[in-house]
Amino acid sequence: MDPWNLKGGQLKILSQNEIEEIHQRALDVLQQVGCFFGHQESLSILEKHGAVVDHSTGITKLPRNMVEEAIRLCPSSMLLAARDPKRDIHAEGDRVYFGPGTLPIKVRNLETGEIRMGTLKDCEDFARLIDALEFIHFFKAMIMPSDVNQKVAELYMVNAAYNNTTKQISSTPFSAQGALDLYRMGVAVAGGEGAFKQRPMIIINMLAVSPLQWGRTNLEAIVALARVGCPMIIGSEPQGGTTGPAPLAGQVLLNVAETLAGITLAQLVRPSVPIMWGNVGSISDMRSGLFASGAVELGLINAAANQLAKFYRLPTYSTGGMSDSKISDAQAGVEKALQALMVALAGGNYIHDAAGLMESCLLTSYEQYVIDNEMLGMVSRVLEGIRVTPETLSFEQIKEVGPRGNFMGLRHTLDHIHTEHYLPQLFDRNTYDTWEARGAKDVREVARERAREILATHEVETLPGEVQEEFEAIIRKAEETYGK
Amino acid sequence: MSEIIIGQLRDAIVALDGDKAREAAQKGFDDGLDPVDMINQGIRSALDLMGERFASGNLFLPELMLAAKAADAAVGILEPELLRRGGAAEKLGKVLMATVEGDIHDIGKNIVTLLMKSAGFEVVDIGVDKTGEEILGAAKVHEVEVIGLSALLTTTMPRMKEMVEILQESGVRDQYKVIVGGAPVTQEFADLIGADGYGADATRAVNVTKRFLAR
């Protein structure tokens, strides 16, 4: 199996007619209800191009043709370059890549098992851990460091990331200035703005706040990043029942309207700027109002949103592989696997939160990443499906072995094991006696051992000195501007 | 007779029926029942029951909101008479709620506000993206005793610390109890920034407030 050549798209939740219906109703929402834009410059840009702006409320109605033109301008494929070109992401069509969970604040200590706040050292260790995990393709900040300047924490995280993994990097900005600083870090790694155009070394994500509002910080970031041509993720995260309608169809509709509103602005600023379609919505548990991150509905919503994005021919950014459990238990396994499988089968190009996250995105652990890597390996095997060729149909071998024989001794069997069978590295398939004789280890314990082994032995080449100096200058300048 | 009407009022709110709640309140008003009794024994006890069910996970959020709406409908009938008599329904205390600067998420704050109101507090909700100065200004104007701060984003949590500092610098720290909450906020964080209380969830935010305002 080649983890860098995965393809989804087998799962269709919505029919073509339903997709068209959602598209038309989304255009109605934008034209009749409108969307709130909390940023004066964005309002001016939209108004200049024909949007109907109510300056007293910030609510802006977008004509259908304006939105449809913006969709047409979006490139349908996106190269996201990694330090190691073999690890580049080609977000397009039904290609599938997985990434880690984003910005929890707490981590389970690998040695003691206690829960504590994340640190910069965790950022470095998590980056190095996923560098070694073969079914995690890109980096997104996996823990919030509590021990750095919180105003520019994303710059510290991305610094830690580039120095500890050669996989592709993406980040959430903490301010509009932070978004531009992240872009500058990407430019520094690429070796200049011209080189960045050829090999964009970072993607930055901005989300609307449901229902139908784009806040000032994210709009400032979208406008600034569109001007420099930096790849962006634009999307939204409605929670069914609280910030979105309870029915999943209405929630997908809301995501489409909110995302299109953001995309329209970006394309007005700079036509053809590369954008990834973002949907990370789920439902709220209506007994508490809390975000249900492990909900099976999240899988359905994200699968459907992927169909919409493909209808628009845009690369997609999804969520799939989360859990609300507090420990790496059966609940975590079931919730994560169902979501990841659904979204991968729907052909999510850039599926984040596919590993590591627990407790509504607030908690993470090293062992959970190792366990989820195994789960993603199994999902990857599913994506490969069943190849039907004369060779794989094995008619000749069935004839050769005949009734009452076996296939163990065939060269044909040996030749196909590695491509046809996923071999677990973590999950135990031994007999009870063997398992017991080998220490009767829980998968969590095996995962902790593997995590410790990776952290003790896996090395990643750090950035060249001159890039590191540029990083330090960017962070120093940001801290001078923002203060501590 | 009064017990029957108060019972109807309570049942209407529990059944989420605003029209029936309004009717019962009107009937009580027409029959000359004491509005304070109707509020305390009818409306208050219905909302307490709903609050208990919510806290134990046996009620959906929309049921809580619709019960509060039904209660508001009944209060609307009783309020003019209450004011005319110069009395007021007993309030447990006054609370200000705000989402801090840079954060426009308001669901968590709204749920806490709803539960606080249902529990009998007077709540002044000044909305989202509020600076420390705006929050302090509103706290003074409305003469609140408790300030509830909400943040969903890890990036806006530092504004809570700044709020406590603003209260200290203005020399009014001891006049307010500060309660913090929101998904990324922890007891550890609340202690670190010198907040008085921490609401791990909406029910616990209400319980902490009750403790502060116990009279």
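Two remarks on conventions come first. The model is predicted, with local features requiring pLDDT of at least 70, side-chain atom pairs counting only at pLDDT 80 or more, and totals for chains, interfaces and linings using all residues. Residues are numbered from 1 along each chain as its sequence is written, while chains are lettered from A and ligands numbered from 1 in the order in which they are written.

Let me begin with chain B. Its secondary structure consists of nine helices and five strands; these are DSSP runs numbered from the N terminus, with helices being H or I of at least four residues and strands E of at least two. Read from the N terminus, the order is α-α-α-α-β-α-β-α-β-α-β-α-β-α. The radius of gyration of chain B is 18 Å, close to the 17 Å that the globule rule gives for 215 residues, so chain B is as compact as a globular protein of that length. Here the radius is taken over C-alpha atoms, and the rule is 2.2 Å times the number of residues to the power 0.38. The C-alpha trace of chain B spans about 55 × 35 × 25 Å along its principal axes. Of the 215 residues in chain B, 46% are buried, that is, 20 or more other C-beta atoms, placed from the backbone, lie within 10 Å of the residue's own.

Chain B is divided into domain 1 (2–84) and domain 2 (94–212), with bounds from an automatic or database domain assignment. The C-alpha centres of these two domains of chain B lie 28 Å apart. Nine residues of domain 1 of chain B are in contact with eight residues of domain 2 of chain B, a contact being C-beta atoms, placed from the backbone, within 7 Å. On the domain 1 side, α3 (35–55) and α4 of chain B each give two or more residues, and α3(B) gives the largest share, five residues.

How many residues of chain B are in contact with chain A? There are 15, and they meet 17 residues of chain A. On the chain B side, the elements giving two or more residues are α4 (61–84) and α5 (107–118) of chain B.

I turn to the cores. A nonpolar core is a set of buried Ala, Val, Leu, Ile, Met, Phe, Trp, Tyr and Cys residues joined through C-beta atoms within 7 Å. The largest core has 151 residues, of which A:Leu30, A:Ile222, A:Met232, A:Ala257 and A:Met276 touch the most other members. Helix α9 (residues 248–269) of chain A gives the most to this core, with eleven residues. A second, separate core of 65 residues includes B:Ile6, B:Ile13, B:Ala98 and B:Leu153.

Finally, chain A has an open sheet of four strands, in the order β9-β8-β22-β21, with mixed pairing; two strands pair if DSSP finds at least two bridges between them. Its edge strands are β9 (115–117) and β21 (357–358) of chain A, each pairing on one side only. Two bridges join β21(A) to the antiparallel strand β22 (residues 363–365) of chain A, and A:Met358 stands opposite A:Leu363 in β22(A).

Notes. Contact = placed C-beta atoms within 7 Å. Buried ≥ 20, exposed ≤ 12 C-beta atoms within 10 Å, placed from the backbone.
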